[in-house]
Amino acid sequence: MNGIIRTVRNLIFATAAMLASGLVAAAPAMAQASPAGYNMDEVIQTGHQFFGTTSGSLAQVVERAFQSYGLPNGYILGEEAAGAFFGGLRFGEGTLFTKNAGQHRIFWQGPSLGFDVGGDGARTMMLVYDLPAVEAVYGRFGGVSGSAYLIGGLGMTVLTRDNIVLVPVKTGVGARLGVNLGYLKLTPMPTWNPF
């Protein structure tokens, strides 16, 4: 029993340290406006086509991301499923769109730990900021996430690694309540290993 408690405690401390270093580095910086970036009208139009009529407040969420981070130079459209009972898992797949490097199939998965209970399925649009090359998106992006909805909802979180920022915008169906620490691992091939 002590071994399990020690392992969980070490996982919490390692996740918190990883998140703190990523969030501190990304907080004050704003993304530079790039000629290769997507403007707000392009992203909102794509979001409305992708999410359909469930996204009445999509424009407000996207506007907040643009005010904080500027123009994204890529975005990911996809679907994901997640569940949690204090510890959770998330799996998703989609397509990365860029103006200068084309489209690329992408997969994500990740664990979470916190006061979080429930499950959901979501359509996800991730705005990608300061992506120097397609290969740079592969890896772990840490952040803090919160959910509070029954039946459906729209939400935005911020995940960071190095100078790259991901802003997932999700509209989901399910029942979820809580706050958690976790990361997403983006890969070019699907895997069942969230770590």
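Q: Leaving out residues up to four places away in sequence, what does Ala122 touch?
A: This is a predicted model, so take everything here as computed from it. Ala122 touches Gly78, Glu79 and Glu80, and also Lys170, Thr171 and Gly172.

Q: Which strand is Ala122 in?
A: Strand S2.

Q: And is Ala122 buried or exposed?
A: Buried: its relative accessible area is 6%, and the cut-off for buried is under 20%.

Q: How far is Ala122 from Thr171, in sequence and in space?
A: They sit 49 residues apart in sequence, but C-alpha to C-alpha the distance is 5.4 Å.

Q: OK, strands then. How do S1 and S2 pair?
A: In the antiparallel sense, over 24 bridges. S1 covers residues 74–98 and S2 covers residues 102–129. The two form a hairpin, with 3 residues between them.

Q: Which residues of S2 stand opposite Gly83 and Arg90?
A: Gly83 has Gly119 of S2 opposite, and Arg90 has Gly110 of S2 opposite.

Q: What about S2 and S5, how do those pair?
A: Antiparallel as well, with 21 bridges between S2 and S5 (residues 164–187).

Q: Switching to charges. How many salt bridges does a search of the whole structure find?
A: It finds 7. One of them joins the side chains of Glu79 and Arg123, at 3.7 Å from N to O.

Q: Where in the chain are Glu79 and Arg123?
A: Glu79 is in strand S1 and Arg123 in strand S2, 44 residues apart, so the pair links distant parts of the chain.

Q: What does Glu80 form a salt bridge with?
A: With Arg90, side chain to side chain, 3.7 Å from N to O. Glu80 counts as buried at 5% relative accessibility, and Arg90 counts as buried at 17%.

Q: Which residues do salt bridges with shared partners join into one network?
A: Glu80, Arg90, Asp120 and Lys170.

Q: New topic: the surface. Which residues make the nonpolar patch?
A: Phe85, Phe86, Phe115 and Val117, covering about 470 Å². The elements giving two or more residues to that patch are S1 and S2.

Q: Where is Phe85, and is it buried or exposed?
A: Phe85 is found in strand S1 and counts as exposed, at 62% relative accessibility.

Q: How many aromatic pairs are there?
A: The structure holds 5. Phe85 and Phe86 form an edge-to-face one, at 5.0 Å centre to centre with 75° between the planes. Phe86 is partly exposed, with a relative accessible area of 39%.

Q: What kind of pair do Phe91 and Trp192 form?
A: A tilted one: 5.4 Å centre to centre and 55° between the planes. That pair links distant parts of the chain, with Phe91 in strand S1 and Trp192 in the segment after S5, 101 residues apart.

Q: How exposed are Phe91 and Trp192?
A: Phe91 counts as partly exposed at 23% relative accessibility, while Trp192 counts as exposed at 74%.

Q: Last one: which residues do ring pairs link into a cluster?
A: Tyr38, Tyr75 and Phe97.

Definitions and conventions. Residues numbered from 1 in each chain as written. Predicted model: local features only at pLDDT ≥ 70, side-chain atom pairs only at ≥ 80, totals over all residues. Heavy atoms only, no water. Pairing = 2+ DSSP bridges. Helix = DSSP H or I, 4+ residues; strand = E, 2+ residues; numbered from the N terminus. Patch = residues over 30% accessible without salt bridge, like charges linked within 9 Å, V, L, I, M, F, W, Y side chains within 5 Å. Areas by Shrake-Rupley, 256 points an atom, 1.4 Å probe, with all protein chains shown as cover. Salt bridge = Lys/Arg side-chain N within 4 Å of Asp/Glu carboxyl O. Buried < 20%, exposed > 50% of the residue type's maximum accessible area, 1.4 Å probe, protein only. Contact = heavy atoms within 4.5 Å. Phe/Tyr/Trp six-rings, centres within 6.5 Å; stacked < 30°, edge-to-face > 60°.
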